[in-house]
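Here is a short note to read beside the coordinates. Please keep the structure open while you go through the points.

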Amino acid sequence: MTAETSPKDRFITVYGRNPVHEVLLDEDLHVDKVVIAEGARGSGLREIQQAARRRGVVLSYASAERVKKLAGNGRQDQGVFADVVAPRMRPLEAALADDAAGLRTVLVLDGVTTPANVGMILRSATAAGVDGIVVPRKGVASLDPLVVKASAGVAFRSPILKAFTAGEAVRELKEHGFHVVGLDASGDDDLFAAHLPEPVAFVLGSETAGLTPEVARQVDTWVSIPMAAGVESLNVSAAAAVVCFELVRRSRL
């Protein structure tokens, strides 16, 4: 049976006048609706209204407070937001219930709070054909215009899996037979030589704090990326790219 999907797990909400106008101009994107704050004035709104009407996108109005709440960013929404359909985004629970066999390689973000890093990880993982990227609602940068920009727009097409926390996501993946791999400079195995049985889930933590204790306790194998010239570590988005394309390499052996 298909798990019920919340609207929050179907859309990426884009706010701000330029970002909203840009998604309306992109014919490849399905914009579900545009909401403008009542009484909003200034540049850009007329262009947004015209673009929405031209594409037949639902255009509605709400109080400024309502727009701030729905956009999720009261300081930068500029009185407008748009819900853009992300066709490959779904709850992790639904993905495991409906298509567990189709999930062989998964990334889980844990404490990655910089939007640029989240966006670049989405871009690399999608390019490499990773089956799913878990972006928890708590403890990770929200999917906002900064993430979309850093992903070069790829976020809308990424196989994003939603969960409440990284710890809960990893626990659920383990219950479905996933081998959980953590990255650490002192990891027991070299990433390029380690035995990584599928289905496999790589957990990626923040550069400063690493993985949260709840996630770290559930790791089955710790691996490291070989470093030269005294370099201690890579930025988390660079490390994610290395992992993703190592998975590509292995799939072609």
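The numbered points below go from the whole chain to the sheet, then to single residues.

1. **Overall build.** This is a predicted model. The chain holds 9 helices and 12 strands. Its radius of gyration is 19 Å, close to the 18 Å that the globule rule gives for 253 residues, so the chain is as compact as a globular protein of that length. The C-alpha trace spans about 60 × 50 × 35 Å along its principal axes.

2. **Burial and surface.** Of the 253 residues, 49% are buried. The chain exposes about 12600 Å². Carbon and sulfur atoms supply 49% of that area. Among contacts with a separation of 6 or more, 80% come from residues 24 or more positions apart.

3. **The sheet.** An open sheet is formed by 8 strands. Read across, the order is β5-β8-β7-β6-β11-β9-β12-β10, and the pairing is parallel. Which strands stand at the edges? They are β5 (90–91) and β10 (189–190). Each has a single partner strand, so one side of each is left without a neighbour in the sheet.

4. **β7 and β8.** Strand β7 (residues 132–136) runs parallel to strand β8 (residues 160–163). The two are joined by 4 bridges. Within this pair, V134 stands opposite L161 of β8.

5. **Helix α7 on the sheet.** Helix α7 covers residues 166–175 and packs on the sheet. It touches β6 (105–110), β7, β8, β9 (179–183) and β11 (200–205). The direction of α7 makes about 155 degrees with that of β6.

6. **The buried face of α7.** A166, G167, A169, V170 and L173 are the buried residues to look at in α7. Seen down the helix axis, the buried residues fall within an arc of 160 degrees, so they line one face of the helix. The general point is that an α-helix has 3.6 residues a turn, so residues three or four places apart point the same way. After α7 comes G177, with a positive phi near 90 degrees.

7. **β11, an enclosed strand.** In β11, 6 of the 6 residues are buried, so the strand is largely enclosed by the rest of the structure. V200, F202 and L204 point one way. A201, V203 and G205 point the other way. Both sets are buried.

8. **Partners of β11.** β6 and β11 run parallel and share 6 bridges. β9 also runs parallel to β11, with 4 bridges between them. Look at A201 from both sides of the pairing. V106 stands opposite A201, and A201 is also the bridge partner of V180.

9. **A cis bond.** Where is the cis peptide bond to check? It runs from E198 to P199, with omega near 0 degrees. P199 sits in the loop between β10 and β11.

10. A152 is not a glycine, yet its phi is positive, about 60 degrees. A152 belongs to the loop between α6 (145–150) and β8. A229 is not a glycine either, and its phi is also positive, about 60 degrees. A229 lies in the loop between β12 (221–224) and α9 (236–251). At 82% relative accessibility, A229 counts as exposed.

11. **F156.** Is F156 buried or exposed? At 4% relative accessibility, it counts as buried, the cut-off being under 20%. F156 lies in the loop between α6 and β8. Leaving out residues up to four places away in sequence, F156 touches I12, V14, V23, L29, V84, V85, A86, P87 and V148. The C-alpha atoms of F156 and V112 are 19 Å apart, and the two residues are 44 residues apart along the chain.

12. **D32.** D32 is in strand β2 (residues 31–37). Its relative accessibility is 28%, so D32 counts as partly exposed. What is D32 in contact with, leaving aside neighbours within four places in sequence? The partners are F11, V57, V58, D83 and V85. R171 is 139 residues away along the chain from D32, and their C-alpha atoms are separated by 33 Å.

Key: Residues are numbered from 1 along each chain as its sequence is written. This is a predicted model: local features need pLDDT of at least 70, side-chain atom pairs count only at pLDDT 80 or more; totals for chains, interfaces and linings use all residues. Side-chain values use heavy atoms; hydrogens and water are left out. Two strands pair if DSSP finds at least two bridges between them. Contact means heavy atoms within 4.5 Å. Axes are lines fitted to C-alpha atoms, for helices over the stretch in contact, and angles run from 0 to 180 degrees between N-to-C directions. Buried means under 20% relative accessible area, exposed over 50%, partly exposed in between (1.4 Å probe, protein chains only). The arc is that of the directions from the helix axis to the C-beta atoms. The radius of gyration is taken over C-alpha atoms; the globule rule is 2.2 Å times the number of residues to the power 0.38. Accessible areas come from the Shrake-Rupley method with a 1.4 Å probe; for residues, only the protein chains shown count as cover.
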